[in-house]
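The sequence and the model come first, followed by notes on individual pairs.

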Amino acid sequence: AVVGGKTNLPAYYYKVDVFCGHQKRTVLRRYSQFKWLYQNLPKSITSFEEPLLLPPGTPCGVCQPQNDAFAQNRMEQLRDFLRDALIRRGAAQHDAVAKFLELDAFAT
C-alpha cells in the first residue's frame with residue numbers, strides 16, 4: 001500500500017511487510033531508501049546473471065504528475081525490485097538488507 005500526502009512537496013511512503021517466523025512488522029520506505037538499498041548492495045548481487053533493475057526516479061525539476069496511479073505503478077515496480085533482490089544469492093543476509101528492513105527490531 002502507498003501512504004502519501006498531497007503537500008507542496010509530495011512524498012510517497014511505501015509499506016513493506018517484513019516477516020520473521022510468525023512475527024510481522026511493517027516498515028515505511030520512500031523511493032530514496034530503495035535507491036539507497038540498491039546502491040549499497042554489492043555488484044555481485046546487483047549484476048548477477050541478469051542485472052537488478054531499480055525503477056527510474058523522477059528527475060529533479062521535471063514536472064511529472066505524481067498522482068495515485070503514479071504511486072500505484074511505482075509501488076508495483078518497487079515490490080518487484082525488492083522480490084528480485086531478495087532471491088539473489090547472498091542478498092537476504094547482507095547488512096544493507098537488514099538495515100532497510102529493520103531486522104534488528106525483531107530481536108526486541
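Arg29 and Glu102 form a salt bridge, with their closest N and O atoms 2.8 Å apart. Arg29 belongs to strand S3 (residues 23–29), while Glu102 sits in the segment after helix H4 (95–100), so this pair ties together parts that are 73 residues apart in sequence. The model is a predicted one, and it holds 4 salt bridges.

**Arg29 and Glu102: accessibility**
- Arg29 has a relative accessible area of 7%, and it counts as buried because that value is under 20%.
- Glu102 is partly exposed, at 29% relative accessibility.

**Arg88 and Asp84**
- A salt bridge links Arg88 with Asp84, and the closest N and O atoms are 3.1 Å apart.
- Arg88 is buried, its relative accessible area being 9%.
- Asp84 is partly exposed, with a relative accessibility of 26%.

**Asp17 and Lys24**
- The side chains of Asp17 and Lys24 meet in a salt bridge at 3.9 Å, N to O.
- This pair counts as a salt bridge because the cut-off is within 4 Å.
- Asp17 has a relative accessible area of 40% and is partly exposed.
- Lys24 is also partly exposed, at 49% relative accessibility; it does not count as exposed because that class requires over 50%.

**Background**
- Side chains of opposite charge can pair when their charged atoms come close.

Key
Residues are numbered from 1 along each chain as its sequence is written. This is a predicted model: local features need pLDDT of at least 70, side-chain atom pairs count only at pLDDT 80 or more; totals for chains, interfaces and linings use all residues. Side-chain values use heavy atoms; hydrogens and water are left out. Buried means under 20% relative accessible area, exposed over 50%, partly exposed in between (1.4 Å probe, protein chains only). Helices (H or I, at least four residues) and strands (E, at least two) are DSSP runs, numbered from the N terminus.
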